[in-house]
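Please look over the sequence and the model first.

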Amino acid sequence: MSLWEYANPVKFLKLSDKVLPFFVGFSIIGLSIGLFWGFFFTPDDYRQGSTVKIIYLHVPSALMAINAWFMMLVASLIWLVRRHHVSALAAKAAAPVGVTMTMVALVTGALWGQPMWGTWWAWDPRLTSFLVLFLFYLGYIALWSAIDNPDTAADLTSMLCIVGSVFAILSRYAVNFWNQGLHQGASLSLDKEKNVADVFYQPLLFSIFGFVFLFLTLVLIGTRTEIRLRRIEALRLRKDSE
Amino acid sequence: MIALLQRDLLLAVRAGGGFGLGVAFFLIVVVLVPLGIGPDMVILSKVSVGVLWVGALLACVLSLDRIFSLDYDDGTLELLLTSPIPLEAVVTIKAFSHWITTGLPLVVISPILGLLLGLQVSDLKWVVISLLIGTPALSAIGAFGASLTVGIRRGGLLLSLLVLPLYVPTLIFGANVASKGLEDVSNNGALLILTAVTLAAFSILPFASAFVLRINLR
């Protein structure tokens, strides 16, 4: 019994069928607790007022935007090394979710930035590298949709994902070099003593939990759809050849 | 390998089309910017480095699909795949010949265009140096993008969408070298990183490009 067994589409569909309701449940629970608690039962920040509450959307979506790309990278590597189709399809399914998360992070950031920094947008390293990440997602999705042969498309997009990751990291350091930031440093980390104040921290954790499962749910649904689309395609080809 | 380089250069020069086009495009971009911004030389000289770099980058993107597409269409690329030279070397040569036919002319013409944008003669050296070091990276990264889109009909727009985000680090460091040079601030760090980007792009990316080309040719 190994994890690789679930690379078999049938087993993957069976397993995902079982876990999907739980993931949906977890994401609903996490999001509703996190967002309701965060929006209605936390105090306003003494300087930021109620705008601080956008943190419950901004931080988790930004987190998932980066993690989605990382997941695509891992899935691409698995596809290139072990040729499991489910892996390639999972990477394909994760891209639209990732680009949406990036967009949510950018938009909520702009809405937050306007009252706090007095500007919708600044060419700050974090903001700029997120915009670049957004462009990387667009290119990746466009390449998937441009190629007809699914295996070729999976190979090429995997390679783009790997090269793109290297350049995305390089861009992250390049923009640091290029401009000093307006954005604060990380407010959440596992190894730091001081995080965001507890009142904001606890609902935020629920919200992040909800976002993680929301992402997993969407990717699973997307992957299942892709697998079924691939089957329909195969059936149609078989019918045509008869 | 030298024969391949000679062939590519000859084709680029004699077949027409691609060779002078990049330079002409660069010229047009630089002419259009003052028309858009206004003739104030002080403002122009402030944005000049950025305009020259972005212009060079766009001119480079314009000619990228010619690296492989012609050879792909007439089957030369398949012959090159079966030839004794490894495909990685073929890609490197092709990227290099793209640089000679596109990047190098841009570097040569950049000081003249710099004068149009209000740069002092003494400042031109940094523009030329940064472009000279940075543009080879553009060709190597572009060759990767071109190998990704070689099998796609009308892939030009997709190619620029794929390649331009990859150009971000080169652009940042390249423009940084030039603008710091103009301000007489030490630009050693940026210069070294720009060189590193170019060297790394030329030594590592051909492997990725060759991998992708093999997939496209199978």
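Predicted model: local features only at pLDDT ≥ 70, side-chain atom pairs only at ≥ 80, totals over all residues.

Residues are numbered from 1 along each chain as its sequence is written, and chains are lettered from A and ligands numbered from 1 in the order in which they are written.

**Chain A overall**
- Chain A has six helices and zero strands, where helices (H or I, at least four residues) and strands (E, at least two) are DSSP runs numbered from the N terminus.
- Along the sequence, the pattern of chain A reads α-α-α-α-α-α.
- Of the 242 residues in chain A, 39% are buried; a residue is buried if 20 or more other C-beta atoms lie within 10 Å of its own, exposed if 12 or fewer, and partly exposed in between, with C-beta atoms placed from the backbone.
- Among the contacts in chain A with a separation of 6 or more, 77% join residues 24 or more positions apart; two residues are in contact if their C-beta atoms, placed from the backbone, lie within 7 Å.

**Chain B overall**
- Chain B has 10 helices and zero strands.
- In chain B, 53% of the 218 residues are buried.
- Residues 24 or more positions apart make up 80% of the contacts in chain B with a separation of 6 or more.
- Along the principal axes, the C-alpha atoms of chain B fill a box of roughly 55 × 35 × 30 Å.

**Where the chains meet**
- Contacts between the chains involve 18 residues of chain B and 22 residues of chain A.
- On the chain B side, α7 (124-148), α8 (156-166), α9 (168-182) and α10 (188-217) each supply at least two residues.
- That side of chain B holds 16 nonpolar residues, two polar and no charged; Ala, Val, Leu, Ile, Met, Phe, Trp, Tyr, Cys and Pro count as nonpolar, Asp, Glu, Lys and Arg as charged, and the others, Gly among them, as polar.

**Helix α3 of chain A and its ends**
- Helix α3 (residues 85-117) of chain A has 33 residues and reaches 46 Å from its first C-alpha to its last, close to the 48 Å expected; the expected span is 1.5 Å times one less than the number of residues.
- α3(A) bends by about 25° at Ala95(A), and Pro96(A) follows within four residues; the bend is the angle between axes fitted to the seven residues ending there and the seven starting there.
- Gly118(A), with a positive phi near 80°, follows α3(A).
- Arg83(A) lies in the loop between α2 (55-82) and α3 of chain A, and its phi is near 55°, a positive value in a residue other than glycine.

**Phe213(A)**
- Phe213(A) lies in helix α6 (residues 198-241) of chain A and is buried, because 20 other C-beta atoms lie within 10 Å.
- Leaving aside neighbours within four places in sequence, Phe213(A) is in contact with Phe23(A), Phe26(A), Ser27(A) and Gly30(A).
- The C-alpha atoms of Phe213(A) and Phe23(A) are separated by 5.6 Å, although these residues are 190 residues apart along the chain.
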